[in-house]
Amino acid sequence: MNSFIYFSFLQGVFAFFAPCAVALLPAYIVSFISRNNVSNQSKIHLLLRALKLALFSILGILVIYAIASGFIVLAAELIKSYMKYVAISLGAILIIVAILMLFGKDFSVNIHMNQKKHDNEIKEAFFFGIAYAIGALGCLFPLFLVVATQAFSEPNTALGVSYIVAYFVGISLLMLVTIMTSIFAKDFISRKINFILPHMQKISAVFLIVAGIYIIYYQSSLF
């Protein structure tokens, strides 16, 4: 399998842990658990309910990434013949941004969900997915841009589409697993998220450096 598919999948997984996005999870998980008395519901009912909400959250994520991809497609048409150079430049920018992040520079875009409860939890899940995707893009848009740029410059259309799909599967799979397991491990997940959050900027910076180096290497090998 093409190595960039794995790379794209990992970008999607990492996007799930983007500081601007993952900060929304604890409140949503608590809201999901406390909305009704889960002890009075069967495990099957809870799992089906969690699956339904996870899928609508993923749909919200898909909407935002589809819009972002559309804008990137339009831009890609204008610079199609220079895609390799653009990707290499983005790789270099990622490394520079990562170094600045290690020295304390914050590039995050803060996204806050409206804490007002919705009567329709499906609508709430959908808008949570939208907010989550905006947060992930706000923090790590350059990584998605690199994946999308490579996808649109790929001569094999099916292979190019697989890069975008792999990215989306990465972030969606983590969302599905988190919401599904939260009904049985709310406190555990909340503790882990709150433990990771203070360190996410440095973790992100290290990952961005690795990603930047990989992108430059991958694109250079295509010349």
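Colleague: Is isoleucine 213 buried, partly exposed or exposed?

Modeller: This is a predicted model, and the values are computed from it. Isoleucine 213 is found in helix H8, which covers residues 200–220. Its relative accessible area is 49%. Buried means under 20% and exposed over 50%, so isoleucine 213 counts as partly exposed.

Colleague: How far apart in space are isoleucine 213 and isoleucine 88, C-alpha to C-alpha?

Modeller: In sequence, isoleucine 213 and isoleucine 88 are 125 residues apart. In space, their C-alpha atoms are separated by 9.2 Å.

Colleague: Which elements make up the chain, from the N terminus on?

Modeller: The secondary structure comes to eight helices and zero strands. Read from the N terminus, the elements therefore run α-α-α-α-α-α-α-α.

Colleague: What does UniProt list for this chain, and how far apart are the end C-alpha atoms of residues 125–148?

Modeller: An unreviewed UniProt entry lists residues 6–33, 53–76, 82–104, 125–148, 160–183 and 203–220 under "transmembrane region". In the model, residues 203–220 are 100% helix and 0% strand, with end C-alpha atoms 26 Å apart. Residues 125–148 are likewise 100% helix and 0% strand, and their end C-alpha atoms lie at a separation of 26 Å.

Colleague: Which residue is joined to glutamate 121 by a polar contact of 3.2 Å?

Modeller: Glutamate 121 has its place in helix H6, residues 121–153. A polar contact of 3.2 Å joins its side chain to that of arginine 49. These two side chains also meet in a salt bridge, at 3.2 Å from N to O. Glutamate 121 lies in helix H6 and its partner in helix H4, so the pair ties together parts that are 72 residues apart in sequence; the partner is arginine 49.

Colleague: Why does glutamate 121 count as buried?

Modeller: Buried means under 20% relative accessible area. Glutamate 121 falls under that cut-off, and therefore counts as buried, because its relative accessible area is 15%.

Colleague: Which residues are linked in a network of salt bridges?

Modeller: A search of the whole structure finds two salt bridges. Besides the bridge between glutamate 121 and arginine 49, the side chains of lysine 52 and glutamate 121 meet at 3.8 Å, N to O. Lysine 52 lies in helix H4 and glutamate 121 in helix H6, so this pair ties together parts that are 69 residues apart in sequence. The network therefore links Arg49, Lys52 and Glu121.

Colleague: Is lysine 52 buried, partly exposed or exposed?

Modeller: Both glutamate 121 and arginine 49 are buried. For lysine 52, the relative accessibility is 33%, and so this residue counts as partly exposed.

Colleague: What is the angle between the planes of phenylalanine 126 and phenylalanine 127?

Modeller: A search of the whole structure finds nine aromatic pairs. One of them is formed by phenylalanine 126 and phenylalanine 127, with 5.5 Å from centre to centre. Planes over 60 degrees apart count as edge-to-face, and this pair is edge-to-face because the angle is 75°.

Note on methods. Residues numbered from 1 in each chain as written. Predicted model: local features only at pLDDT ≥ 70, side-chain atom pairs only at ≥ 80, totals over all residues. Heavy atoms only, no water. UniProt positions renumbered as here; feature names shortened; annotations may be inferred. Helix = DSSP H or I, 4+ residues; strand = E, 2+ residues; numbered from the N terminus. Polar contact = N/O pair within 3.5 Å; in protein donor to acceptor, adjacent residues only side chain to side chain. Buried < 20%, exposed > 50% of the residue type's maximum accessible area, 1.4 Å probe, protein only. Phe/Tyr/Trp six-rings, centres within 6.5 Å; stacked < 30°, edge-to-face > 60°. Salt bridge = Lys/Arg side-chain N within 4 Å of Asp/Glu carboxyl O.
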